[in-house]
Amino acid sequence: MLALPLLVILHTLLLVLLPEASSNEEETLRSYGFHARPTVLPLLNQLQFTRTQLYDVWPKRSDQMLPQTINAAVVHSENSNGTLMGEPIHVQVGDRLRLTLTNHLSYSGLSIHMHGFGFGGDFVHAGAIGVSQCPLTEGDSFTYDFVVNEMPGTYWYHTQSEHLGVDAVDAIRGPVIVHPHGSFPQVDNSPLSYDYERILFFQAWSLLPSKVRYAQQISNSNGPVVKNEDGFVVSSVPWGFGTCNGKLREVIHVTRNKRYKFRFINGGAHHALRIRIDNFPLTVVAADAEAVEARTVDELVIHVGERFDVFVDIYDDLFDGESFWIRADSLEPISQGFTNGIRAILRVSENGASTKRDSDVEDPLGHIQRNRKVENVVKTLNCNHAKNAGCIPITELRPLNNSVVGEHDLQSEFHSVDFHFRPAPQYSHFVRIDGSHFTQSEITSIAMGSRSFDKISDLHPHTVILQLSRSSPNIIVWRTTLLIDIPFHIHGHKVVKKDTFVVPAGGNTHSVEMEVYFSKRLTTGFTIIEQSAVVTRLIANNHGLWLAAGQMDVHSEDGISFVISMGAYLVPPNEKLLLPIQGVPSCSSKFVTSVQKKPACKCYVDRDAPL
């Protein structure tokens, strides 16, 4: 396999030699230009001409009313003037994707991360600030350019800047659909609703910018965390509002007697969602872009960053104009009075279109509040806490090709990653690698993969690095003492997950008895269940530096993140062998030089803390 410097040289030369339209008939160029701008968007004003129970009957908000408008950092593009969801990206396997991001925000450096992509092994395009690039400053642009070699399926993009949200909420996120080669649909006029596919991009929002939310977390001013009936935390950040495809009230049009593929995405920042469609079963056929054997359920839980493709059969005896609620509820318990969630409408129309404007479509007859069949066993996919017999763990899904991905391998390398939390007033999340001491991990401000990075002066003492081998599989045991689930994501790689199991109090990573046989389903992310452990198998086949982080903002901002060095990558790289990739964001901008290095201490060194 080629060494990384030679790969970068070849990559740069190809960019110079390739014309705008590739001469390779098998490769099609898909270009997108995104402009991140501060924008005032209608919020409650969206509903001013709509007859709906939203924010009138449900949910009853005695504490606050939603504002008429909201300040947001949003994506403007050729096909979008800026909404609470960025323009959907459509590509097919083998396409060259060329996405140019221009930052017009004065208060935040930016990047774009394509969640679930491998980037052809080129971590420079992963968009991880502090690892693969420095933040894009105001007025500058950078082009992410790579060939799409992912499995066909549902993905999404989001900004990777922890500084975003000083003066606005983060709406720089949206869906990415990878279509099979040779089957690109007609999406120009309707990128969310095409052929017999529908995209539903759910986002749970806070009314406060991320910096303010984080300050409230540290000061413990958010009030008590929300626990479910089993005593586990399901939310530590107050619910603000929710959208589907950037709207408070989205209408999804379908036709009778047709089978549709619904692509569900949780593109929020904190809350997991329980999704169901009144009177319609959901047949799951893909999870995190991996095709699985069909599994029919009543509802499914989607953590932050997760995606599910489901088939929905529209009955032939429905009449034109009949409608049903699409419900995406938070996991906050009804027994404690919580009724937070997102609502969209499934409407039956002739030829999948409507003569009415969406604002004129009336609410379905079913009540807008939660409508679960509590008298019957509810089949819920991806649940772990529920006591009912219908709870189906995600590990029960099987890949469609029935391939055995993980086998017992005595040559595998074993590693452990432990997470721990201390509440206010200390309020810190800690990580421990391979039994070392706990550290509140801190990603550097200057990108570790840049030429200007100096390991002595720039590397923060709390930057946690896990070195993985490329010559053998890596078995990683992930454990947590947190009382809340941790959706987790490793850039540029997929893992195979073993069933979740509980580690006894005082247990030791190396004393865990386990057979290294796995669920055989590849996934771009996984969830570490509260006070439990997960075992994953990872093939470190992409050389370089890759970010591994909690998908929830409150986790990634506060220490549940670290860097994985694949294949003994040199930090910094050998400058003599590297050619510059055109337009790489500068590491001398104000978003880098103005960041003061946080103090380092050994204030929580406890190798024997029980997990």
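Student: How many disulfides does a search of the whole structure find?

Tutor: Two. Keep in mind that this is a predicted model.

Student: Why is the link of C134 to C587 called a disulfide?

Tutor: The cut-off is a pair of cysteine sulfur atoms within 2.5 Å. From S to S, C134 and C587 are 2.0 Å apart, so the pair counts as a disulfide.

Student: Where in the chain do C134 and C587 lie?

Tutor: In distant parts, 453 residues apart. C134 sits in the loop between β5 (113-115) and β6 (141-147). C587 belongs to the loop between β36 (561-566) and α4 (590-593).

Student: What is the handedness of the link between C134 and C587?

Tutor: Right-handed, with 95° about the S-S bond.

Student: Why are C134 and C587 called buried?

Tutor: Buried means under 20% relative accessible area. C134 has 1% and C587 has 14%, so both count as buried.

Student: What makes C383 and C391 a disulfide?

Tutor: Their S to S distance is 2.1 Å. The limit is 2.5 Å, so the pair qualifies.

Student: Is C383 buried or exposed?

Tutor: Buried: its relative accessible area is 8%, and the cut-off is under 20%.

Student: Why does C244 count as buried?

Tutor: Because its relative accessibility is 0%, and buried means under 20%.

Student: What pattern do the disulfides follow?

Tutor: Counting bonded cysteines along the chain, the pattern is 1-4, 2-3.

Notes: Residues are numbered from 1 along each chain as its sequence is written. This is a predicted model: local features need pLDDT of at least 70, side-chain atom pairs count only at pLDDT 80 or more; totals for chains, interfaces and linings use all residues. Side-chain values use heavy atoms; hydrogens and water are left out. Helices (H or I, at least four residues) and strands (E, at least two) are DSSP runs, numbered from the N terminus. Buried means under 20% relative accessible area, exposed over 50%, partly exposed in between (1.4 Å probe, protein chains only).
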